[in-house]
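I opened the model to look up a pocket and a helix beside it. My entries follow.

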Amino acid sequence: LGGQKSRYILEIFENISGVDYNKPLQDWRNKVLDEKIFDSKSPKYFQAILKDFQREGFKWMKTLHFFGNGGLLADDMGLGKTIQVIAFLSYLKEQNKLTPTIIILPKSLVDNWINEMTRFAPILTNNLYVHMGSRRYKDHRIISKYDLVLTTYHTLTRDQTILGIIDWEIVICDEAQAI
């Protein structure tokens with residue numbers, strides 16, 4: 001929902017329980033609460049403490065995902081964009097909504113992402129596939145079985161037909177200027 005409609009929904013969100021005649025709106029409110037959309041508490045699989053502004057970014061990503069919207073997290077360098085995304089991915093894992101997700105990044109950042117996930121949310125590495133190099137899979141059915149797929153912009157360009165067939169839950173572009 002965008003613009004005016006979302007503002008009205010947010011204005012009455014707290015009072016929905018007193019509205020007898022609107023069951024769909026009450027169901028929507030319950031879903032928002034069940035999925036912890038506006039909750040900035042860290043997910044159970046996430047092993048770090050986010051700073052206040054990082055919690056806001058994490059909550060913002062959950063809200064975007066809930067409404068089916070994309071977004072651009074463009075904090076300054078060094079403010080923890082990766083850790084915010086890892087918290088969000090941990091939340092998706094907790095909600096059983098992670099599969100399949102692709103992270104597209106420069107080759108120089110692949111090890112950093114793996115190390116950060118291992119440090120802050122090791123469960124994310126349990127079903128992780130790095131799609132690059134000469135031994136990478138060429139079958140989209142195999143690739144789509146992974147929760148998380150890391151690939152480079154160069155490999156994405158080369159394998160766009162294979163990777164384009166997959167219905168990705170989330171597409172994350174690190175260093176998006178590389179697009």
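I set the term first: buried means under 20% relative accessible area, exposed over 50%, partly exposed in between (1.4 Å probe, protein chains only). This is a predicted model, where local features need pLDDT of at least 70, side-chain atom pairs count only at pLDDT 80 or more, and totals for chains, interfaces and linings use all residues. Residues are numbered from 1 along each chain as its sequence is written, and side-chain values use heavy atoms, without hydrogens or water.

**Helix H4**

I took H4 (81-94), a DSSP run of H or I with at least four residues, numbered from the N terminus. Its 14 residues reach 20 Å from first C-alpha to last, close to the 20 Å expected at 1.5 Å a residue (1.5 Å times one less than the number of residues). I found 12 of the 14 residues buried. Among them are Thr 82, Val 85, Phe 88, Tyr 91 and Glu 94. The buried residues of H4 pack against H3, H5 and strands S1 (101-105), S3 (148-152) and S4; contact means heavy atoms within 4.5 Å. Asn 96 follows H4 with a positive phi, near 60 degrees.

**Largest pocket**

I read its volume as about 890 Å³. Lining residues have an atom within 4 Å of a pocket grid point. Of the 34 lining residues, Leu 73, Val 85, Ile 172, Cys 173 and Asp 174 are the closest to the centre. H4 gives the largest share of the lining, 5 residues. H3 (52-67), H5 (110-120) and strand S4 (170-173) each give two or more. I noted 18 nonpolar, 10 polar and 6 charged lining residues.

Technical notes:
1 Å grid on protein atoms, 1.4 Å probe; cavity = no way out; pocket = protein on both sides within 12 Å on 5 of 7 lines; lining within 4 Å. Points joined across faces, edges and corners; volume = space filled by probe spheres on them. Nonpolar A, V, L, I, M, F, W, Y, C, P; charged D, E, K, R; others polar.
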